Amino acid sequence: MATALEKLRIDKYLWAIRLFKTRSLATEACKAGRVKLNGQNIKPSYVVKVGETFHIQKGIEKKVIKVVDLLERRVDAKTAAAFYEDLTPVEETYGYKSMFHAPVLKRDRGTGRPTKKDRREIDDLKDEWFAEED
């Protein structure tokens, strides 16, 4: 079925393998330079070839995928997973999720706006916390 395909656009492929919810989102990602092949931005009309490796950025999430086979129509996630190989390093796969476990700095209700001194202390705390992550 998919081996008979010869020409398939990158935006359509990314949509079909379920990396993007809509084809227009995949097209916008290509236009914005968030889809790369060998470090080069590619256009949405780029023709995908089996064996190519793409670097894709969706928000703070980064993915590295290798094209295993071509898929023209959108299918369920389990079937779509057979058409690409996820080469994303484990550190990057779970790295963005750690941001959701970061402590949230809150002020008590009714204390008013922070003073200059409070603001500096808050900034210092943030700098310390994010410096430990690196």
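Entry 1, sheet. I find five strands in an open sheet, ordered S2-S1-S3-S4-S5, with antiparallel pairing. The edges are held by S2 (40-41) and S5 (84-86); each has a single partner strand, so one side of each is left without a neighbour in the sheet. Helices (H or I, at least four residues) and strands (E, at least two) are DSSP runs numbered from the N terminus, and two strands pair if DSSP finds at least two bridges between them. S1 (residues 35-37) is joined to S2 by two bridges, and Leu37 stands opposite Gln40.

The model is predicted: local features need pLDDT of at least 70 and side-chain atom pairs count only at pLDDT 80 or more, whereas totals for chains, interfaces and linings use all residues. Residues are numbered from 1 along each chain as its sequence is written, and side-chain values use heavy atoms, with hydrogens and water left out.

I located Asp11 in helix H1 (residues 10-16). Asp11 is buried, at a relative accessible area of 2% (buried means under 20%, with a 1.4 Å probe and protein chains only). Which residues does Asp11 contact, leaving aside neighbours within four places in sequence? I list Arg23, Ala26, Thr27 and Pro44 (contact means heavy atoms within 4.5 Å).

Conventions
Buried means under 20% relative accessible area, exposed over 50%, partly exposed in between (1.4 Å probe, protein chains only).
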